[in-house]
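Dear colleague,

Please find the structure below, together with an account of what was found in it.

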Amino acid sequence: MSVKHSRLETLINHVNYETLKAEHRKQKAKKAVGVDRVTKEQYEVNLDENIRNLLDRMKKFSYRPQPVRRVEIPKSNGKTRPLGIPSYEDKLVQGVMADILNEVYEPRFLDISYGFRPNRNMHDAIKKVNDLIMFNKVNYILDCDIKGFFDNVNHDWLMKFLEHDIADKNFLRYIVRFLKSGIMKGNIFEESSVGTPQGSLISPVLANVYLHYVLDIWFEEGVRKRLKGEAYIVRFADDFVCMFEYEEEARIVYELLKDRLAKFGLELAEDKSRILPFGRNSNTTDTFDFLGFTHVNGKTRNGKYTVGHKISKKKKKVFKAKLKKWIKENRNTNIMVFTDVLNSKLRGTNNYYCISGAYKEVKALYCHAMWVTYKWLNRRSQRKSFKLEKFIEYWNTNITRPRVHVNIWAAGKVIYI
């Protein structure tokens, strides 16, 4: 669909009966509902009629997205993270439009971005950071954090970026309507003059478009070529890390970056942003966090330099708190159901965190989970307690042991074991 540097037309034609029906099939059942309170099962009762009615309204431009229902998700630090839940019909249109935007922008996006892109994930981003530090002249890290990115995306700038590549005014018209649809907090309506709601199907690709122009192209084509030393950037959604050969150039880019983001309505969280020495020549114990891992200077068994990766303290704390809460609340559940869900939780942790060199970290969480489970299962009301020997037998028989799941040290792409 997309040819680099061309402006694409007639994109709205791809929002049709077939694509909307395919998007409906992709939706998961029993998901949280939007302000319309319509579920997938309810919409499916008259699916053909509902989709044709939706398309008729879209052609007449009488279709208007409903406000996004805002819910607050608790965070480990006591704060909350806002999550937007669109109405069911809006999910279908957003899903199809997001697919169209991905086809438009995949040939345009740079290799330095990894989040919310086909055939790319966080392990690819971690491997890229690892390889850049290991095999290039990286001596300093610029560890950055954008303050409230999704809540501060400037709509006017976003539309200018989209208009640079898309000439279909009708397609862009519906993008604007989604951006301006507003937010419902309980029974209170709030206008949405900035930002893209997290949880919206179209937000990830719009965020990538925004940062593609604000950050990626600026760094690669505007900043990097002017530096004397080597410089690199790796971005996953709104999380990114910059790597430099020279400290002075890292400091120059840091100041330029603050001005660059401010131009587009964004701000660095300066209390979470810093420059630190890192790499084979740094001779320091400084560390930085990226995508749930703490990255450290380390050595192999032969005494050679290597980049080590540990689970961040924050993520460990979150894992332990959530695990304890779940076990405590579900200890009286049928033991087989309890075991299946616990296994699923531990496998998810293993699949994400058990990368090359992080096995001991994951095993420690696995052992922690075992003892917390033993403690709370023995506090079940009116039930005979587990004897330690019997519990260990149950655990070893039913709970999947951790193993290295991701090899980021392999040459080329990440290998899943």
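Helices (H or I, at least four residues) and strands (E, at least two) are DSSP runs, numbered from the N terminus. This is a predicted model, in which local features need pLDDT of at least 70 and side-chain atom pairs count only at pLDDT 80 or more, while totals for chains, interfaces and linings use all residues. Residues are numbered from 1 along each chain as its sequence is written, and side-chain values use heavy atoms, with hydrogens and water left out.

A pocket is found on a 1 Å grid over the protein atoms alone: it is an open set of points with protein on both sides within 12 Å along at least five of seven lines, whereas a cavity is a set of points where a 1.4 Å probe fits but cannot get out; lining residues have an atom within 4 Å of a point. Grid points are joined across faces, edges and corners, and a volume is the space filled by probe spheres set on the points.

The second largest pocket has a volume of about 470 Å³. Its lining consists of 18 residues, and K299, T306, G357, A358 and W409 lie nearest its centre. Two or more lining residues come from each of β10, β11 and α12; the largest share, five residues, belongs to β11.

Strands β9, β10 and β11 form, in that order, an open sheet with antiparallel pairing (two strands pair if DSSP finds at least two bridges between them). The edge strands, each pairing on one side only, are β9 (288–290) and β11 (305–311). From one strand to the next the twist averages 40 degrees. Strand β10 (residues 293–299) is joined to β11 by seven bridges, and K299 stands opposite Y305 in β11.

**Two residues to look at**

Is E361 buried or exposed? E361, in helix α12 (residues 359–377), is buried because its relative accessible area is 17% (buried means under 20%, exposed over 50%, partly exposed in between, with a 1.4 Å probe and protein chains only). Not counting residues up to four places away in sequence, E361 touches K310, I311 and K316, where contact means heavy atoms within 4.5 Å.

F61 sits in the loop between α3 (47–60) and β1 (68–74). F61 is partly exposed, with a relative accessible area of 22%. The C-alpha atoms of F61 and Y174 are separated by 8.8 Å, although the two are 113 residues apart along the chain.

**Cores and cavities**

A nonpolar core is a set of buried Ala, Val, Leu, Ile, Met, Phe, Trp, Tyr and Cys residues joined through side-chain atoms within 4.5 Å. The largest has 72 residues, of which L101, L162 and I175 touch the most other members. Helix α8 (residues 203–223) gives the largest share, twelve residues. A second, separate core of 53 residues includes I126, I133, V362 and F386.

The whole structure holds two cavities of 30 Å³ or more. The largest cavity has a volume of about 60 Å³, and its lining includes V68, F178 and L206.

Yours sincerely

Definitions and conventions
Axes fitted to C-alpha atoms, helices over the stretch in contact; angles between N-to-C directions.
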